[in-house]
Amino acid sequence: MDYQAILNILQKEFTPKEGMGKVASYIPELSKVDPLKFGIYLFCQDGSSFEFGDSQEKFSIQSISKVFTLTIAKEMLGKDLWERVDVEPSGTAFNSLTELERENGIPRNPFINAGSIVVADALLSVLENPKEDLLMFVRKLCGDNDIHYDKAVAKSEKKHGYRNKALVNYMKSLGNISNDTEKILDFYFYQCSIAMTCEQLSKAFMLFANEGKHFQTQEKVIDRQSVKRINSIMQTCGFYDEAGEFSYRVGLPGKSGVGGGIVAVHPEQYSVAVWSPMLNQKGNSALGMKVLEELTTLTGLSIF
Ligand code: DON
């Protein structure tokens, strides 16, 4: 497959333009980003890589971090985790409260905010130093120590995160939260504030395209069954109430964040990260989705 030729076509075909979507502003710090940023990085299982645009610039990974925390929680807690969070698509927005009432405080999946807050709570109960441990894990996956929390973003979300405060308090009232709610939100806002480049993200996500092995050292980090399960949850829940649309258009498991990033994986082939901060109405990168759709169209390859 001539990925370089395909990326050249994508670069010519897609140019970010004002009005393609809106930069997230409910976390004020995120609204400072240049809406016209655009980058892509594709890392293949054979070690080759291809990129263009702002692929080396860091951005706020936001909900993409939910895949990292789920991976750690699944390894440490095993089946117990699924007593507290389900694996069903939600069909509602990432920050929705509605299902929680009907479903006794058990979030539909670990990628909506409620679900990831439960995962954060679970991690606080088992990790010695949650913030440091999470950062170490992500750095290890990328083989790169230059990955940090963006404290200004975390602080900004803490100040304005009324929805998440409502979610954690509501779940606490229904008995699905163990730790202090302020401590959980602090950890959750920090995890979302991690800043990474497209290159770092695509390398980290090679775990899910490389049978659970580290992209560089080939060390086994998670087993094949975990890869299957996490990819399945990305496929069905990674884009909230647009998960069906992403699956239909792109045909790969993936995860988005309101910072404008999307990572998608083609098991045993490649991992690809794209960044364009202008979001569609569902909170997913508008241009990012289009580019990934064209990538799987031009390669003629998807998991289906
Ligand atoms: O909790 C929030 O609302 C944000 N920190 C993360 C949401 C997000 O990235 C949704 N993704 N598209």
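Trainee: At what angle do the axes of helix α2 and helix α5 cross?

Mentor: This is a predicted model. In it, the axes of α2 (residues 65–77) and α5 (residues 130–142) cross at roughly 105°. They come within 11 Å.

Trainee: Why are α2 and α5 called roughly perpendicular?

Mentor: Angles of 65 to 115 degrees count as roughly perpendicular. The crossing is at roughly 105°. Therefore α2 and α5 are roughly perpendicular to each other.

Trainee: Which residues of α2 and α5 meet?

Mentor: Phe68, Thr69 and Ile72 in α2 meet Leu134, Phe137 and Val138 in α5. Five of these contact residues are nonpolar, one is polar and none is charged.

Trainee: What makes strand β1 mostly covered?

Mentor: A residue is buried if 20 or more other C-beta atoms lie within 10 Å of its own. In β1 (residues 39–44), five of the six residues are buried.

Trainee: How do you know that β1 pairs with β2 and with β8?

Mentor: Pairing needs at least two bridges. Five bridges join β1 to β2 (residues 49–53). Six join β1 to β8 (residues 270–275). Both pairs run antiparallel. Phenylalanine 43 has serine 49 in β2 as its bridge partner. Glycine 39 stands opposite tryptophan 275 in β8.

Trainee: What lies between β1 and β2?

Mentor: Four residues, and the two strands form a hairpin. Glycine 47 in the turn has a positive phi of about 95°.

Trainee: How many residues surround the ligand, and of which classes?

Mentor: There are 13. Gln62, Ser63, Cys192, Gly257 and Val258 are the closest. The shell has three nonpolar, nine polar and one charged residues.

Note on methods
Residues numbered from 1 in each chain as written. Predicted model: local features only at pLDDT ≥ 70, side-chain atom pairs only at ≥ 80, totals over all residues. Near = placed C-beta within 6 Å. Nonpolar A, V, L, I, M, F, W, Y, C, P; charged D, E, K, R; others polar. Buried ≥ 20, exposed ≤ 12 C-beta atoms within 10 Å, placed from the backbone. Axes fitted to C-alpha atoms, helices over the stretch in contact; angles between N-to-C directions. Parallel < 35°, antiparallel > 145°, perpendicular 65-115°, else oblique. Contact = placed C-beta atoms within 7 Å.
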